[in-house]
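Subject: Structure handover

Hello,

Here is the structure I promised to pass on. Please open it next to this email and follow along.

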Amino acid sequence: MSSDLPALRPVLNFPPELLLRAQPVRVVFFDVDGVLTDGGLYFTESGETTKRFHTLDGHGLKLLQRAGITPAVVSGRDSAALRARLSALGVTQIRLGTEDKRPAAESILAELGLDWSAAAAMGDDWPDLPMLRRAALLCAPPGAHAEVLALAHWVTPRLAGAGAVRDLCDLLLVACGRYVTELEAAAK
């Protein structure tokens, strides 16, 4: 019966120099607004902030964790919706409500016993620059500010809040050799 199933042939293809840069990554820092979300701010009548997250991004974060790569979230904002989403995904390295992102990221690196050479980061605007500039792999969604795009080693094909985070997760899974294994396990 299984011989009737089409063969899996991964279609993702990344430049070799990008894969080499991504291989040592063991932690990935993500901004929230403009990276994990589309950057829009939604407020209820009572003033509560709500957020829209994409399921592709969430699954990518879970895959990273299974591959031994730690997703970390560093954001200037804090909200109940964000905390609920990160909790549901099992993301535990979180620094919210911090405008000074470099020290927040460095505290995570210290907890993990890592340095910037093992870090990737994805951001979209000036507050992310101190964190982005130090990471071994600097990524951005295509709608990021021009100064961030100019520094990025890689710009994701998909937009923020619409799969950009998953694009980076897939790159890292390919670079660490876990992409095909995870794909085959999912397709059983």
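Strand β4 (residues 70-75) is joined to β5 by four bridges, and the two run parallel. Strands here are DSSP runs of E with at least two residues, helices are DSSP runs of H or I with at least four, and both are numbered from the N terminus. Two strands count as paired if DSSP finds at least two bridges between them. Find Val 74 first: Arg 95 in β5 stands opposite Val 74.

A word on the source. This is a predicted model, in which local features need pLDDT of at least 70 and side-chain atom pairs count only at pLDDT 80 or more, while totals for chains, interfaces and linings use all residues. Residues are numbered from 1 along each chain as its sequence is written, and side-chain values use heavy atoms, with hydrogens and water left out.

**The sheet**

In what order do the six strands of the open sheet lie? The order is β5-β4-β1-β6-β7-β8, with parallel pairing. At the edges are β5 (93-96) and β8 (154-155), each pairing on one side only.

Now look at β7. Three bridges join β7 to β6, in parallel. One partner pair is Met 122 with Cys 139 of β7. β7 also pairs with β8, again in the parallel sense, over two bridges. There, Ala 140 has Val 155 in β8 as its bridge partner.

In a regular strand, side chains alternate between the two faces of the sheet. Both faces of β7 are covered. Leu 137 and Cys 139 are buried on one side, Leu 138 and Ala 140 on the other. Buried means under 20% relative accessible area, exposed means over 50%, and partly exposed is in between (1.4 Å probe, protein chains only).

**The core**

The largest nonpolar core has 30 residues. Such a core is a set of buried Ala, Val, Leu, Ile, Met, Phe, Trp, Tyr and Cys residues joined through side-chain atoms within 4.5 Å. Val 28, Phe 30, Leu 61, Leu 137, Leu 168, Leu 171 and Leu 172 touch the most other members. Elements that each supply at least two residues include α1 (16-22), β1 (27-30), β7 (137-140) and α8 (164-175). The largest share, six residues, comes from α8.

α8 lies across β1, β6, β7 and β8, and runs at about 170° to β1. Axes are lines fitted to C-alpha atoms, for helices over the stretch in contact (heavy atoms within 4.5 Å). Angles run from 0 to 180 degrees between N-to-C directions.

**Helix α3**

α3 has 12 residues. From first C-alpha to last, α3 reaches 17 Å, close to the 16 Å expected at 1.5 Å a residue. The expected span is 1.5 Å times one less than the number of residues. Which residues of α3 are buried? They are Asp 57, Gly 58, Gly 60, Leu 61, Leu 63 and Leu 64. Their cover includes β1, α2, β4, α4, α8 and α9 (179-186). After α3 comes Gly 68, with a positive phi near 85°.

For Cys 169, the nearest cysteine sulfur is that of Cys 139, 10 Å away. Cys 169 counts as buried because its relative accessibility is 0%. Cys 176 counts as partly exposed, at 28%. Its sulfur is 11 Å from the closest cysteine sulfur, in Cys 169, so the two are too far apart for a bond.

Best wishes

Notes: A disulfide is a pair of cysteine sulfur atoms within 2.5 Å.
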